[in-house]
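Here is a walk through one protein chain. Keep the sequence and the model side by side as you read.

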Amino acid sequence: VYTSPGLDYSKVTNIVYNDYNKHMANLFACLKEHKKFLSCIENEISNGFLKTDKKNEEYKQFYKDIFYSYKHDKSSTNFLDNPPVNIPDFDAGVKYAFLLTSTFNGVFPRSGGYSGIGGTNKIKLYALINKLKKKEYQDKLSKITNIHSLDFEDLIKMYDSKDTFFYLDPPYFSNDENGNDTGKRASWYGTKEFNQEAHIRLLELLKTTKSRWALSYYYFPALEEYLPKDKYFWITKDFFRSSASFSENKDIKGSELLILNYDPNHITNNTEISEKLVDEIEEINGGAFINSGFDEPIKQELPD
């Protein structure tokens, strides 16, 4: 859960998590009950579908095979396209946690390749296990009061008020060479429904809210039309997409963007507002400006 720098969150009464991807909503519902969820994960590793006595390359192949069995399953009852109806569903949560931590950069497993072994030569699911054993993560998860899987418009209208702060991280806008929305980036989030129309609907809605909000995006030209720089605060930061790139070119430069509908100077009293906000987001997300789930941090050339 992202908390805006400089605000006193000891007075916050509700912390709400929403994700249109029902698997993510269920995962956070499970994470909130961290003790039970941790026990369920460890049981699957010791006695369930994640148990293996294999070593070295056979160990790696065992988990790779599990990942691709879910990724390539297109049957009518396949797991990825049939998220749980009632949450928390701990069995589904364990499966999705394994798949999410095993996919490249933590994207929706159907859209990414396998990247499930960490620096310890163990599955990356252990990184999540280690976090769930730490009090700082347990405390943050326990503070979540509401979990939803709603369309963003329904969620914003439900909670919009002068006392609300929204942090929004929608699927990033993408076009093909002919200007058609491919839905590729939306599929990284577990949906193909976040098309150009949805982007415009979100931008139009944000202009009407009573709340403060921070919107995470990559730049595209229509942003300046809907959220002009003379009316909103734009914070940008360049980076090199080293591990984020599927190509052999490791010098692909990108620019990540945070747009605010309020003056952060009035909150932080800091003249270097953009660096402060971005650096604090990086710290919260383990080194990445934009969080990539429970995967290892994206290796980016960012200042300490």
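This is a predicted model: local features need pLDDT of at least 70, side-chain atom pairs count only at pLDDT 80 or more; totals for chains, interfaces and linings use all residues.

Residues are numbered from 1 along each chain as its sequence is written, and side-chain values use heavy atoms, with hydrogens and water left out.

Begin with confidence. pLDDT is the predictor's confidence in each residue, on a scale from 0 to 100. Its mean over the chain is 79, and 71% of the residues reach 70 or more. Helix 2 has the highest confidence, at a mean of 97, while helix 8 (residues 184-188) has the lowest, at 47. Residues 1-7 have pLDDT below 50, and this stretch has 18 contacts in the model beyond near neighbours in sequence. A contact here means heavy atoms within 4.5 Å. Residues 242-251 are also below 50, with 16 contacts beyond near neighbours in sequence.

Now the overall build. The chain has 12 helices and six strands. These are DSSP runs numbered from the N terminus: helices are H or I with at least four residues, strands are E with at least two. Of the 304 residues, 44% are buried. Buried means under 20% relative accessible area, exposed means over 50%, and partly exposed lies in between, using a 1.4 Å probe and protein chains only. The accessible surface of the chain is about 16,300 Å², and carbon and sulfur atoms supply 47% of that. Those areas come from the Shrake-Rupley method with a 1.4 Å probe; for residues, only the protein chains shown count as cover. Among contacts in the chain with a separation of 6 or more, 65% link residues 24 or more positions apart.

Turn to helix 1. Nine of its 11 residues are buried, so this helix is mostly covered. The buried residues are His-23, Met-24, Ala-25, Asn-26, Leu-27, Phe-28, Ala-29, Cys-30 and Leu-31. What covers them? The cover includes strand 1 (16-18), helix 2, helix 4, helix 5 (125-132), helix 6 (135-142) and strand 2 (146-148).

Take Asn-26 as one example. Asn-26 is in helix 1 (residues 22-32) and has a relative accessible area of 1%, which makes it buried. Beyond its neighbours within four places in sequence, Asn-26 contacts Pro-84, Asn-86, Ile-87, Pro-88, Asp-89, Ala-92 and Gly-93.

Next, look at Val-85. Val-85 sits in the loop between helix 3 (56-71) and helix 4 (90-102). Is Val-85 buried or exposed? Val-85 is exposed, at 76% relative accessible area. The C-alpha atoms of Val-85 and Lys-22 are 8.3 Å apart, although 63 residues separate the two along the chain.

Cysteines come next. A disulfide is a covalent bond between the sulfur atoms of two cysteines. The rule used here asks for a pair of cysteine sulfur atoms within 2.5 Å. By that rule, the count is zero disulfides. Cys-40 is in no disulfide either. Cys-30 is buried, with a relative accessible area of 0%.

Now the aromatic rings. Rings of Phe, Tyr and Trp (its six-membered ring) pair if their centres lie within 6.5 Å; planes under 30 degrees apart are stacked, over 60 edge-to-face, and the rest tilted. The count is 15 aromatic pairs. In one of them, the ring centres of Phe-49 and Phe-98 are 6.3 Å apart and the planes are at 90 degrees, so the pair is edge-to-face. Phe-49 lies in the loop between helix 2 (34-47) and helix 3, and Phe-98 lies in helix 4, so the pair ties together parts 49 residues apart in sequence. Phe-49 is partly exposed at 24%, whereas Phe-98 is buried at 0%.

Phe-98 also pairs with Tyr-63. Their centres are 6.1 Å apart and their planes are at 50 degrees, so this pair is tilted. Tyr-63 lies in helix 3 and Phe-98 in helix 4, so parts 35 residues apart in sequence are tied together. Tyr-63 is buried, at 3%. One aromatic cluster is formed by Phe-49, Tyr-59, Phe-62, Tyr-63, Tyr-70, Phe-79 and Phe-98.

Finally, charges over rings. The test is NZ of Lys or CZ of Arg within 6 Å of the ring centre and within 35 degrees of the ring normal. The charged end of Arg-212 sits over the ring of Tyr-262, 5.5 Å from its centre. Lys-229 lies over the face of Trp-234, 5.1 Å from the ring centre.
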